[in-house]
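The stops below go from the whole chain to single residues.

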Amino acid sequence: MSRSAHPAGPRHADVLPEGHYNSGPPDDLNVLDPKVWARTVARTGEGAVSVGGLEVARLAEEFGTPAYFLDEADFRARCAAWRDAFGPDADVFYAGKAFLSRAVVRWLDEEGLNLDVCSGGELATALSAGMPAERIAFHGNNKTEEEISRAVQVGVGRIVLDSFQEIARVAHIADGLGKRQRVQIRVTVGVEAHTHEFIATAHEDQKFGIALADGQAAEAVRRALKLDGIELIGIHSHIGSQIFDMAGFEVAARRVVGLLAEVRDEHGIELPEIDLGGGLGIAYTSDDDPREPHEIAKALNEIVGRECEAASLRTPRISVEPGRAIVGPTAFTLYTVGTVKPLEGLRTYVSVDGGMSDNIRTALYDAEYTVALVSRRSDAAPMLVRVVGKHCESGDIVVKDAFLPSDVAAGDLIAVPATGAYCRSMASNYNHALRPPVVAVRDGEARVIVRRETEEDLLRLDVG
């Protein structure tokens, strides 16, 4: 049953701040866009929202808020979709930086995906959960000697080399261990994807990779081929994140294949693999229009095949690295509303019990999200709101501009969808906040896969 309208909140017709929200409210705020929400999320007959067959009120009572709830069936289905789209003649590496836990590692293993890690901690998590080392790729622009040594010792399937120094470093460590480590060279191809500056990774002026420009990548290949401790198996390229347009991948593939042709012409060998990275976008709002895995696979295979045919090269084995595209849509963050503060002529601020400590992306990337009232149905008029956290920062914004029913009030549960990627991974203890749990939900059962931090956890590292 809907509550009476909140008395002071401006309705959507009162104000639409220019540049903050480009479209009006949806026709019915109770409808959940399946493009944005995890697959088993639905409203019950009573109007509350459920996931995996469990109502959010029950989940909040058992696990508290804020909390991340992950739809395990959706996660597994997306793994299978990527695996099947590319087939047995390609490799799909889940990008662990998006979100990683031992439960996730086991799901990946069971669904037949490989795993990409970029730190010693991610590698430790992968190994502790039983991921075969040969199915692990190790990234990073500044891997320590300790990280490299462990990766070589356990036999990771590939290390992606990011600099001239790292080529020599990995070769030296592997040689000292009596190993020959399989490697790829990450190149920057000069393609700037249509994304935020901080997550565009293939233009020359950034920290990742070795530039194709001025022959640097070709020189990296020369050095790698001369060293006994490493086996160069291919070229790696990653052009950015949250990408919807395949045009950037076409340019990147053309330039990577061009380098393969140079290697063949100079050294008489055809490198057997290329990795085109990840970065495919997801729907954070209804305005986003991501591609399905089978569409992406078809496009990338056609692009690479066409470029290799033109260069008279055998088509190499393709690898891709979806992270956000798998886990991002499968989770939402559940919050409890604490205060509702209307600002006449502007908007209404809805404060929740989390904030930038559990989702830094809005502050960091100016990311867009949507939000829904999930503990009940409401037929109140829509109200333009800004969902903010409880931290001592004016930039502590979770959702910049969205619509909620105008009767939203303290104690209501609201949820922000598409928070599976990077939210828990980048969570912090700012203001000594306790990081939320991650709860996997499937077939009417819920279980914690990453527990909520406690004050004891917070104080355990404080040795003062």
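Show the surface of the protein chain: the accessible area comes to about 19,500 Å², and 47% of it belongs to carbon and sulfur atoms. Such areas come from the Shrake-Rupley method with a 1.4 Å probe, and for residues only the protein chains shown count as cover. The model is predicted: local features need pLDDT of at least 70, side-chain atom pairs count only at pLDDT 80 or more, and totals for chains, interfaces and linings use all residues. Residues are numbered from 1 along each chain as its sequence is written, and side-chain values use heavy atoms, with hydrogens and water left out.

Switch to the cartoon. The protein chain has twelve helices and 21 strands; these are DSSP runs, numbered from the N terminus, with at least four residues (H or I) for a helix and at least two (E) for a strand. The radius of gyration is 24 Å, close to the 23 Å of the globule rule for 464 residues, so the chain is as compact as a globular protein of that length. This radius is taken over C-alpha atoms, and the rule is 2.2 Å times the number of residues to the power 0.38. Of the 464 residues, 55% count as buried, where buried means under 20% relative accessible area, exposed over 50%, and partly exposed in between (1.4 Å probe, protein chains only).

Next, select residues 438-442, which are strand 20. Four of its five residues are buried. Which strand runs parallel to strand 20? Strand 4 (residues 67-71) does, joined to strand 20 by four bridges; two strands pair if DSSP finds at least two bridges between them. Asp-71 has Val-441 as its bridge partner in strand 20.

Move to helix 3, residues 102-111. Its buried residues include Trp-107, Leu-108 and Glu-111. Just after the helix, Gly-112 takes a positive phi of about 85°.

Finally, select Ser-357, in the loop between strand 15 (347-352) and helix 11 (361-365). Is Ser-357 buried or exposed? Ser-357 is buried, with a relative accessible area of 6%. Leaving out residues up to four places away in sequence, Ser-357 touches His-391, Ala-427, Ser-428 and Ala-433; contact means heavy atoms within 4.5 Å.
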